[in-house]
Amino acid sequence: MTSRIPRDSRLRLVRPRPLAAAPPAMNQRRPRRAAPRPPEGTPVRSELARMARSGLADAARVARWADSALGPGRGSATADGKATLSDATADQAAWELGLTVAQVRADWDTARLAGLVEVHGGSARPGWRLRAWNRDDSAVLRGWVALFDAWSLAHPEPAGQEPAAVAEVVSAMPQVLSFLQLSAGPVPVAQLLDLLEQRVTELRTERCEVPYGPRLEPGIPQTPAAAPAPETGPGTPLAPLLDWALRALASVGALTCGDGHATLTPLGNWAVWVKLEQICVAAQSPAGHIEQAAEDMLRGCAQLRPNAARAEYRAWLAARPVGSAVAELLGAARGDDALLRGLAFEALRVVGAPAEPDVRAVVDEPTLRPYALLWLAEHDGIDPEDAHEVLTRHEATWLWVDTAAAVADHGEAPLLVRHLESAVQPTVPALLDEVRAVGHPRTVQVLVALAAAHPDPALAKAVRRAAFQVHTGGS
């Protein structure tokens with residue numbers, strides 16, 4: 001006679017896999033795009049990394065000094081809420097490293113822009129790139145590209161310039177850099193100035209700039225005094241700002257200037273090519289994700305393999321300011337679709353350090369807390385295979401139910417059954433007890449779907465009973 005008592009089925013303790021890495025039952029295979037090749041003559045990746053290490057050697061030296069001299073319990077490095085070096089710390093570093101105070105501050109700022117030092121509130125700590133500096137070429141190149149992206153912060157603009165004019169030049173410089181990259185050689189600065197003026201004019205036209213001031217009655221001739229020119233009108237000289245931009249880009253190692261010509265360095269040439277390639281990838285995306293809102297983009301990426309999805313995330317992020325992109329992803333994560341919640345945090349992993357303040361700010365939101373804690377653990381350098389250890393039993397169970405809801409909504413029955421193996425509880429009865437107590441809003445639907453999918457009649461009956469008890473509030 002067959003027993004009707006639910007079996008005490010043992011579950012293997014395995015780390016839950018991201019939903020984007022689920023088997024083909026949930027993700028359809030798409031043709032892979034061939035990896036693009038950089039322009040002929042571009043140094044190999046290891047040589048580019050060597051150049052980047054050389055250019056950032058002073059910044060890395062100061063960052064390592066701060067790591068060893070200003071670690072926990074050794075005093076404070078900063079004097080304000082922006083992790084600016086205090087006078088005492090700068091003096092100490094200058095004395096120990098044989099540098100001037102000005103050199104120490106400049107190298108510290110470079111280290112911050114390159115991600116060798118990360119700012120957290122009013123304090124700073126070594127970035128993960130510093131930890132991987134000697135062994136990971138990708139970390140080095142990402143650090144240099146971060147500095148390249150922040151060229152306008154690395155070198156202050158000339159005094160007395162209108163902020164609007166400075167912003168226009170910063171917005172127009174990608175086109176100037178693209179022209180330098182396509183030229184593959186020295187370009188006269190006068191030619192770059194013509195290009196910059198054309199691009200700034202286009203930017204003003206796109207904004208439909210019109211003069212501000214009182215309007216005259218129809219039929220009354222308008223005098224020049226009645227229509228004052230905008231602050232950054234056509235007469236604003238751009239030559240000083242172009243000179244500043246070229247010197248700033250030279251200071252980060254992206255180009256060289258001399259004899260009235262500008263030339264991209266191998267690193268600068270490679271970085272501009274990478275950014276142009278990102279634009280091409282975005283233009284060739286299967287569903288045009290670059291133009292879509294975060295929620296629609298994530299839904300489209302749900303059908304892609306992990307590498308293809310990450311490429312889509314990068315293209316989508318490249319087309320938006322980081323702050324608004326992170327806010328949009330977190331907004332999508334707060335929705336009712338658990339699949340989008342998981343994918344949103346996968347996209348935030350692509351964002352990296354710039355997303356940390358926003359992710360840390362949502363830790364107290366119950367719906368996002370487990371995802372945020374895992375993200376922060378991995379960001380702090382914990383191995384992804386061990387990151388789940390930062391979760392409490394309650395948080396891990398809540399995440400298990402949330403992931404099961406995503407599988408139930410978007411996956412197939414066998415995948416939901418296999419999801420049992422990722423539970424932290426050693427037995428099915430223990431899992432059901434904790435699932436009932438965790439209070440996830442999708443608990444009933446998840447248990448009903450699991451009961452319908454599981455081939456073991458006794459276990460399915462126990463799961464249905466648990467679903468009924470959650471539904472009725474019984475025990």
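**Helix packing, backbone geometry and confidence**

Helices α17 and α18 are roughly perpendicular to each other, because their axes cross at roughly 110° and an angle of 65 to 115 degrees counts as roughly perpendicular. The structure is a predicted model, and the mean pLDDT of its chain is 78.

**Helices α17 and α18**

- Helix α17 spans residues 369-379 and helix α18 spans residues 393-410.
- The axes of α17 and α18 come within 9 Å.
- On the α17 side, the contact is made by R369, P370, Y371, L373 and L374.
- By residue class, the contact of α17 with α18 consists of 6 nonpolar, 1 polar and 3 charged residues.

**Burial of α17**

- Helix α17 is largely enclosed by the rest of the structure, because 9 of its 11 residues are buried.
- The buried residues of α17 are P370, Y371, A372, L373, L374, W375, L376, A377 and H379.

**Residues with positive phi**

- G381 follows α17 and has a positive phi, near 100°.
- A184, a residue other than glycine, has a positive phi near 55°.
- The loop that holds A184 runs between helix α8 (163-183) and strand β3 (187-188).
- A184 has a relative accessible area of 68%, and it is therefore exposed, since exposed means over 50%.
- D259, also a residue other than glycine, has a positive phi near 55°.
- D259 is placed in the loop between strands β4 (255-258) and β5 (261-264).
- D259 has a relative accessibility of 79%, so D259 counts as exposed.

**Confidence of the prediction**

- In this chain, 79% of the residues reach a pLDDT of 70 or more.
- Residues 1-33 have a pLDDT that stays under 50, and the model gives this stretch 74 contacts beyond four places in sequence.
- Residues 72-82 also have a pLDDT below 50, and this stretch has 23 contacts in the model beyond near neighbours in sequence.

Methods:
Residues are numbered from 1 along each chain as its sequence is written. This is a predicted model: local features need pLDDT of at least 70, side-chain atom pairs count only at pLDDT 80 or more; totals for chains, interfaces and linings use all residues. Side-chain values use heavy atoms; hydrogens and water are left out. Axes are lines fitted to C-alpha atoms, for helices over the stretch in contact, and angles run from 0 to 180 degrees between N-to-C directions. Helices (H or I, at least four residues) and strands (E, at least two) are DSSP runs, numbered from the N terminus. Angles under 35 degrees count as roughly parallel, over 145 as roughly antiparallel, 65 to 115 as roughly perpendicular and the rest as oblique. Contact means heavy atoms within 4.5 Å. Ala, Val, Leu, Ile, Met, Phe, Trp, Tyr, Cys and Pro count as nonpolar, Asp, Glu, Lys and Arg as charged, and the others, Gly among them, as polar. Buried means under 20% relative accessible area, exposed over 50%, partly exposed in between (1.4 Å probe, protein chains only). pLDDT is the predictor's confidence in each residue, from 0 to 100.
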